[in-house]
Amino acid sequence: MQARVTAVVVARNGAGWIDRTVEALRAQTRAPDALLLLDAGSSDGTAERLSALAPDRVLTARALSYPAAIEHALHQLRPTESPDEWIWLLKADTPPEPDALQRLLGAVEIAPSVAIAGPKLVDPDDPAMLRSFGESLSRRGTTVRLVEDELDQGQHDRDPDVLGVALEGSLVRRVVWQRLGGADPGLPTVDAGLDLSVRARLAGHRVARVPRARVGRASPPEDFGRRTPLRRGARRRIARTAELHRRLVYAPAIAVPFLWLGLGPLALLRSIGHLLAKRPLAIGPEIAATLAAAFDGRVPAARARLARARAVGWGALAPLRIPPDELRERRAAERERLAAGRPGGQDLVRASFLADGGIAVVVAAALAGVVLGWRLLGADALVGGQLRPLTTPLGQLWSGIGWGARDPLSLAAGPSDPFATVVAILGSLTAWAPSLAIVVLWIAAPGLAALGAWWAATRLSVRGTGPVVAAALWALAAPLLVALADGRPGAVIAHVLLPWLALAVIEATRSWSASGAAALLFAAVAACAPSLSPALLVLVVAAAVARPRGLVRLLGVPVLGAVLAAGLVVAQWRRGDPLGLFADPGPAAAFAPGAGWELLLARPAAGGDGWVALAASLGLPPAAGALAVAVLCAPVALLALLAVFLPRGGRAIPALLVALLGLGTAVAAAHLQLSVDGGVAVAVWPGAGLSLYWAGLLAAVVVGLDALPRAAVPLGAVAIATTVLAALPLGVGLLAADAPTVRPGGSELPALVVAEAASDPQLGTLVLSATPDGALAVRVERGAGTTLDGASTLATTRVGLTDDRAALAELAGNIASVGGYDPTAALDRFGIDYVLLAPGALDARQLAAEGLDASAQLERVGTSGSGDLWRVREPGPSPAAPTDPTRDLLLIVPGAVLAVFALLLAIPTGPRRRVVREQAALPGEDPADTFEEDEEP
């Protein structure tokens, strides 16, 4: 039987197109058997134009959506008489080419199982530009446009079978339309055709696209009836609402309540993701779509409609859905396409985090961190090296920022270190237990380091090998591993943040948002590793000189760091110790700096990598261990140097200059003894400079591997393998050490003192420690003891013998000796309430204990893991906490500057984009989101 076709044209405010579309229908080589025009509430003269065209039947209706208008028009037709009746769905602005209907009918006549046939939707004024040609779903139910805004070169003509097609332009078997219940009223614009196609597939029918049939489409479905295109936010809301509606309709009945309850939390998580990804304008549409889906009363009817027509299971659709690998490739290709059209697009990420090994190396590094930190699992706080617990609760942690007592002995007041602000922010991530954040950092540091290095390396390479190698080598860097083993929180945080700082500085030349991020990261790195500040300042100035167009953005990068450190700069300068600004923040911890050859091999501490000890255990001279490290580090060094002589090797020269600057910083740090630990002068930790040194080498390695595409994989594998071997002794030491430096723990003071300190933060404890040489080390602790945030470089860099220190040494010597000394005045002078004799050398400790027992002013309390404790019988009043009116100024000014840079970080910036490009990847929300938030000029 010959097919009968009724063309249904729905128009709303389409006066500018309706004549062209009707003329195109009349010019068809196979004319439709009936033509039905419907005006769906136009206000621009469309109704008058329809009446003038005199079709078979003209209908009018109130303002309806496109699917609802089709349903209204079909109700006016006589009942279906044959399974060969078809409806051709068009809009006012979809003029078909002359042979479009003939091609569509030809496709369905030779394939009787096809119930829906979709043509190529092209630009009416440029038919070579494809607007849509097939749709599908990801495994998670996200809409995937198989073709959108592409040049038609026949690349999609081979495979006619698709999961779905767009509603406009499609040819639908009328009996199938009726059995399916028509289009879903819950999808008035986007996804209407896809949903109809999915239900047709589940009913046992086929959906095909017909490459030789071409129909114009002047506007997307969201703009039906609109005189001006929708804004980006409205498009986001419509697309997300449609996705959530389909998810509730397609889900198994048992899962619907859980999906509905999860709408709110999911919206919150996605909103946070939008904010972190610099898409604040997407938060409103996300919340609006969630509210619309949560109170969508059309879901039950849609589920019933789907259940009535369903004849096969969802597994029948699986071959037509987009697998994750292909979806990632599509999004990566979309990002590259968008990048090609923006200034500086050649610098964008070209490697795929999922497809090119980024996620694999990050996961491997994260697992390595868990294995190396197995002793720390379940810990609430860490001690050892510079590590101490954080102040609790969170309010007291933040109250230490600004002005306060910085020296527990004299209670001298001063500004806090900028590092205290970083630690407070970190502790706020686990607000219920601030010290837990340090535990998480210690375990997650290798994985976080690998993640940052991978992203930074993608700015230097268009292939996946270089970033993977950089991520692995950065996570295995000796400066990081030694800092983790030795308890150096500032060095660990600086190592993790350096790649992100490099990435932000690169982007800051053309983006205020990136400039704000770079300022925040610069301030954090400088606060954690002050010895890096001069090198970082030199690099920022060099970048500004190299790219003068970004001069203002780049010169603003160090401002926040300078403001945060201003109070400390003034304090150190006033007391005549300007070099104290470069001292490591946190409690002082003595160490032996690496020799010159060790620094050249990126080893910050003497013998810290374990190779010298390994050689000694095998009966070999120390030089054998040094030689082994040099041999294992050689591949990285050779690759970095080789990069200079390869094509585009000029990019490696700045990287090697960065490495040289980092090495110079490390050498200078190793020779600067700025703080003191129990009478021992302590050098600045050279590991921070070596992290910069290693970063420069890895940048050159990435450039070299990018220039050697065929040899990149084997060379990169050799570099990773040798670096793993070089780190092996240190890793084994972390796993098997009987007495590791970093360990779970809390306050060094007894629980009784800690409990009393909760109500008296100025409670004084005199701590005596017997040293192996028979001496007695002495210090004063306040409150619950030294905390990581409470330690101040104003105290640790006081290397001279002040009157207070001399008096304290005299008190310790006399109180620990048997005699008639009366310590009352000295104890009252320093506000001492308790005396603690910590574990130490047995003989000296025993003598000290006898002297303390003999003192009439002291009363023995007991013994604990912290040592032996004595209470002062009649303690004097606790000293008052210092106050100063400048404290508020020290908080307000940095806070205001911090808010400015945070605002810059949140505001999307960049060149204005074309609207048509903005629509490209909306359903998946991945590639276009990043591109299109940069919409303001």
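A crossing is left-handed if the near helix is turned anticlockwise from the far one by less than a right angle, and right-handed if clockwise. I note this convention before examining the helix pairs. The model under study is predicted.

**Entry 1: the chain as a whole**

I began with the totals. The protein chain holds 37 helices and 22 strands. I found that 53% of its 937 residues are buried. I then looked up the contacts with a separation of 6 or more: 75% of them involve residues 24 or more positions apart.

**Entry 2: α7 and α11**

I turned to helix α7, residues 232-250, and helix α11, residues 299-309. Their axes lie 9 Å apart, and the two helices pack at an angle of about 55 degrees. This value makes α7 oblique to α11, since angles of 65 to 115 degrees would count as roughly perpendicular and those under 35 as roughly parallel. I recorded the crossing of α7 and α11 as right-handed. On the α7 side, the contact is made by His245, Leu248, Val249 and Tyr250. Val299, Ala302, Arg303 and Leu306 make it from α11.

**Entry 3: α15 and α20**

I next took helix α15 (residues 418-428) and helix α20 (residues 512-528), which pack at about 115 degrees with axes 8 Å apart. The two helices are therefore roughly perpendicular to each other. I noted a left-handed crossing for α15 and α20. The residues of α15 that I listed are Pro418, Phe419 and Val422, which meet Ala524, Ala527 and Cys528 of α20.

**Entry 4: α27 and α28**

Helix α27 (residues 652-670) and helix α28 (residues 687-706) have axes 7 Å apart and an angle of about 165 degrees. I therefore class α27 and α28 as roughly antiparallel to each other. The crossing of this pair is left-handed. From α27, the contact includes Ala655, Ala659, Gly662 and Ala666. Among the α28 residues in the contact I found Gly689, Gly696, Ala699 and Ala700.

I looked up strand β5 (residues 114-123) and strand β6 (residues 126-132), which pair in the antiparallel sense over three bridges. Two residues lie between β5 and β6 in the hairpin that they form. Valine 122 stands opposite leucine 130 of β6. I then followed β6 to strand β9 (residues 150-151), and found antiparallel pairing over two bridges. Methionine 129 has leucine 151 in β9 as its bridge partner.

**Entry 5: the five-stranded sheet**

I traced an open sheet of five strands in the order β19-β18-β20-β22-β21, with mixed pairing. β19 (776-782) and β21 (858-864) stand at the edges with a single partner strand each, so one side of each lacks a neighbour in the sheet. Neighbouring strands of this sheet are turned against each other by 20 degrees on average, direction ignored. I checked strand β18 (residues 764-770) against β19: seven bridges join the two, and they run antiparallel. Leucine 766 has valine 780 in β19 as its bridge partner. Helix α32 (residues 803-815) packs on the sheet and touches β18, β19, β20 (832-838) and β21. I recorded about 115 degrees between the direction of α32 and that of β19.

Notes:
Residues are numbered from 1 along each chain as its sequence is written. This is a predicted model: local features need pLDDT of at least 70, side-chain atom pairs count only at pLDDT 80 or more; totals for chains, interfaces and linings use all residues. Side-chain values use heavy atoms; hydrogens and water are left out. Two strands pair if DSSP finds at least two bridges between them. Helices (H or I, at least four residues) and strands (E, at least two) are DSSP runs, numbered from the N terminus. Buried means under 20% relative accessible area, exposed over 50%, partly exposed in between (1.4 Å probe, protein chains only). Contact means heavy atoms within 4.5 Å. Axes are lines fitted to C-alpha atoms, for helices over the stretch in contact, and angles run from 0 to 180 degrees between N-to-C directions. Angles under 35 degrees count as roughly parallel, over 145 as roughly antiparallel, 65 to 115 as roughly perpendicular and the rest as oblique.
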